[in-house]
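Please read the points below with the model open beside you, and look up each residue as it comes up. They move from terms and confidence to single residues and then to pairs of side chains.

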Amino acid sequence: GDESRRAHREIGARAAALGMSRLVTVGELADDIAAGAIAAGMPGDRVTRCGDTAEAARLVLDEWQAGDI
């Protein structure tokens, strides 16, 4: 419900506060996580909402570079 959506927005805000340079979200509340991150200052072009885990995996593998983690 509303509490779950708020909590997911907080997760996104926390990702932005931690200085994460990239955020990939998946799932029913992915939009809330993404919205929280963007509202907290993460650039929108660094946030991607994926339809499923396979799409997210492809995106991460395509973008992954040595030293990213």
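Predicted model: local features only at pLDDT ≥ 70, side-chain atom pairs only at ≥ 80, totals over all residues.

1. A residue is called buried when its relative accessible area is under 20%, exposed when it is over 50%, and partly exposed in between. Among the elements of the chain, helix H2 (residues 30-39) has the highest mean pLDDT, 98, whereas helix H3 (residues 53-63) has the lowest, 96.

2. Leaving aside residues up to four places away in sequence, Thr25 touches Ala30, Ile33, Ala34, Thr48, Arg49 and Cys50.

3. Arg49, one of the residues that Thr25 touches, is itself partly exposed, with a relative accessibility of 39%. The side chain of Arg49 meets that of Asp31 in a salt bridge, with 3.2 Å from N to O. Asp31 lies in helix H2 and Arg49 in strand E2, so this pair ties together parts that are 18 residues apart in sequence.

4. Side chains of opposite charge can pair when their charged atoms come close. By the rule used here, the count comes to 6 salt bridges. One of them joins the side chains of Arg5 and Asp32, at 3.0 Å from N to O. Because Arg5 lies in helix H1 (residues 2-17) and Asp32 in helix H2, the pair ties together parts that are 27 residues apart in sequence. Asp32 is buried, with a relative accessible area of 6%, while Arg5 counts as partly exposed at 40%.

5. Another salt bridge joins the side chains of Arg6 and Glu10, at 1.9 Å from N to O. Both residues lie in helix H1, 4 residues apart, which is about one turn of the helix. Arg6 is partly exposed, with a relative accessible area of 32%, and together with Glu3 and Glu10 it is linked in a network of salt bridges.

6. Which residues form a nonpolar patch on the surface? They are Val60, Trp64 and Ile69, which together have about 360 Å² of accessible area. Val60 is placed in helix H3 and counts as partly exposed, at 34% relative accessibility.

7. Gly44 sits in the loop between H2 and strand E2 (47-50), and it counts as partly exposed at 40% relative accessibility. From C-alpha to C-alpha, Gly44 and Trp64 are 19 Å apart in space, and they are 20 residues apart in sequence.

Notes:
Residues numbered from 1 in each chain as written. Heavy atoms only, no water. pLDDT = per-residue confidence, 0-100. Helix = DSSP H or I, 4+ residues; strand = E, 2+ residues; numbered from the N terminus. Contact = heavy atoms within 4.5 Å. Buried < 20%, exposed > 50% of the residue type's maximum accessible area, 1.4 Å probe, protein only. Patch = residues over 30% accessible without salt bridge, like charges linked within 9 Å, V, L, I, M, F, W, Y side chains within 5 Å. Areas by Shrake-Rupley, 256 points an atom, 1.4 Å probe, with all protein chains shown as cover. Salt bridge = Lys/Arg side-chain N within 4 Å of Asp/Glu carboxyl O.
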